[in-house]
Amino acid sequence: MPDGNAKPARAEAETKFGQGFLRDIWYFAALASDLKPGKLQRYEILGEPVLLARDRKGEPFAIRDICPHRAAPFSAGRLTAEDDGRPSVECPYHGWRFGTDGVCSAIPSLVDGQEMDVSRVRVRRYPTVESQGMVWIWVSSDPRFDGEPPEPPPVFEGAVGGAPKFVDHMDFDAHMDHAVVGLMDPTHAPYVHGQWWSRKKKGQHDKAKAFAPSERGFVMTRHAPSKSNRLYTLLGGEPLTEITFRLPGQRWEHVAVGQRQVLALTCLTPVNDKRTRITQIVWTDHWAASVLRPWFKHMIRVFLRQDGDMVNLQNEGLKYDTSLLWIDDADKQAKWYQQLKREWAASRREERAFRNPVEDVTLRWKS
């Protein structure tokens, strides 16, 4: 008998801080350039093994990376094709083949007279879309989901200048919730990122920023950035910036300098309940990208690793299941994130439209 309490229990786990993950939503999986036709790659996403690959025609696909026969990973096998040309993945153990839709197409050990509808054997399929040089997978709350997602993956304004100019990634040893709230924390920079190009402890001053609801998240509305941050000075002119967060874990800063643009996108992908992959991607058509490329690349790496070091330090306290104290206004974005998660889970559970709990407000803090 199915457990009638399973769905509410999962929803509770999804919304408790530091536990569970949101479903029925798109997650960033990889850069498009990471996937080569015919190459099978194993990823772990939301604690599940995922085979992510391209077929010979270049179309990305994703299925659960476990053969249901003897649990061998498909990623150790090879990409092949059926007689009708449809691509399939061959298990390295006994040669069972599965299409990119997750449906079994062949079991070589069967002989004449052994009747079996192999198409009834299936593995989980993750709908996959390539967009703006990124590969996204849809993680449904139903592992048997066999349709198409009700919406496309997010599209980001400002992805200009062709391919990304800078890319970096790092795994944080933390649940995604801790990684997200660290990402949106507005007051840690003077203490964690104390380089010459950023603000120092002694240079802190009062801030007042206007926020508004946006699609599945919130936005710090367009404004002139702080003059204490020398990074913006390098862009010249009079830059204006807008910073947006969207569930389940995308944060991006869109900077406009006259007709030139910079888009700095950070995507968080939960590997499992103790590890989160942070991927930073920067597009721009600004001349500084070419002149200062090595320095910008170094700067991005430094920032990520400083945040990673702080996560490791924070883990020393979290070992003791410490409750966390959130204050207004500095931690308001972290509070919104938790409210957004709860509302997303509730809207899926109750099969209704998502209602954004964020309202227009000006937040104040010192940093």
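View 1. At 17% relative accessibility, His-188 counts as buried, because buried means under 20% relative accessible area, with exposed over 50% and partly exposed in between (1.4 Å probe, protein chains only). This is a predicted model, in which local features need pLDDT of at least 70 and side-chain atom pairs count only at pLDDT 80 or more, while totals for chains, interfaces and linings use all residues. Residues are numbered from 1 along each chain as its sequence is written, and side-chain values use heavy atoms, with hydrogens and water left out.

To find His-188, look in the loop between α2 (176–183) and α3 (189–192). Helices (H or I, at least four residues) and strands (E, at least two) are DSSP runs, numbered from the N terminus. Which side chain makes a polar contact with the side chain of His-188? That partner is Asp-307, at 3.4 Å. A polar contact is a pair of N or O atoms within 3.5 Å; within protein, one must be able to donate a hydrogen and the other to accept it, and residues adjacent in sequence count only if both atoms are side-chain atoms. A polar atom of the His-188 side chain also lies 3.1 Å from the backbone oxygen of Asp-185. If you set aside neighbours within four places in sequence, His-188 is in contact (heavy atoms within 4.5 Å) with Gly-182, His-193 and Asp-307.

View 2. Strand β5 (residues 78–81) and strand β6 (residues 87–90) pair in the antiparallel sense over 4 bridges. Two strands pair if DSSP finds at least two bridges between them. The hairpin has 5 residues between its strands, and Gly-85 in the turn has a positive phi of about 95°.

**View 3. Two cis peptide bonds.** The bond from Leu-247 to Pro-248 is cis, with omega near 5°. Pro-248 sits in the loop between β14 (240–246) and β15 (250–257). What is the omega of the cis bond from Asp-328 to Asp-329? Here omega is near 0°. Asp-329 belongs to the loop between α6 (293–318) and α7 (332–349).

View 4. Asp-24 has a phi near 60°, a positive value in a residue other than glycine. Look for Asp-24 in the loop between α1 (6–15) and β1 (25–31). Is Asp-24 buried or exposed? With 15% relative accessibility, Asp-24 counts as buried. Arg-216, also not a glycine, has a positive phi near 55°. The loop between β12 (206–214) and β13 (217–223) holds Arg-216, which is buried at a relative accessible area of 11%.

View 5. Rolling a probe the size of a water molecule over the atoms shows where empty space is left. On a 1 Å grid over the protein atoms alone, a cavity is a set of points where a 1.4 Å probe fits but cannot get out, and a pocket is an open set with protein on both sides within 12 Å along at least five of seven lines; lining residues have an atom within 4 Å of a point. Grid points are joined across faces, edges and corners, and a volume is the space filled by probe spheres set on the points. By this rule there are 2 cavities of 30 Å³ or more. The largest cavity holds about 60 Å³ of space. Its lining includes Gly-20, Tyr-27, Met-176, Leu-247, Pro-248 and Lys-341. The elements that give two or more residues to this lining are α2 and α7. By class, the lining has 7 nonpolar, 2 polar and 2 charged residues. Ala, Val, Leu, Ile, Met, Phe, Trp, Tyr, Cys and Pro count as nonpolar, Asp, Glu, Lys and Arg as charged, and the others, Gly among them, as polar.

**View 6. The second largest cavity.** About 40 Å³ of space lies in this cavity. Among the residues lining the second largest cavity are Trp-26, Trp-136, Glu-151, Arg-216, Leu-247 and Pro-248. The lining divides into 6 nonpolar, 1 polar and 3 charged residues.

**View 7. The second largest pocket.** This pocket has about 550 Å³ of space. Of its 19 lining residues, the closest to the centre are Phe-17, Gly-18, His-178, Leu-318 and Asp-321. The lining has 5 nonpolar, 8 polar and 6 charged residues.
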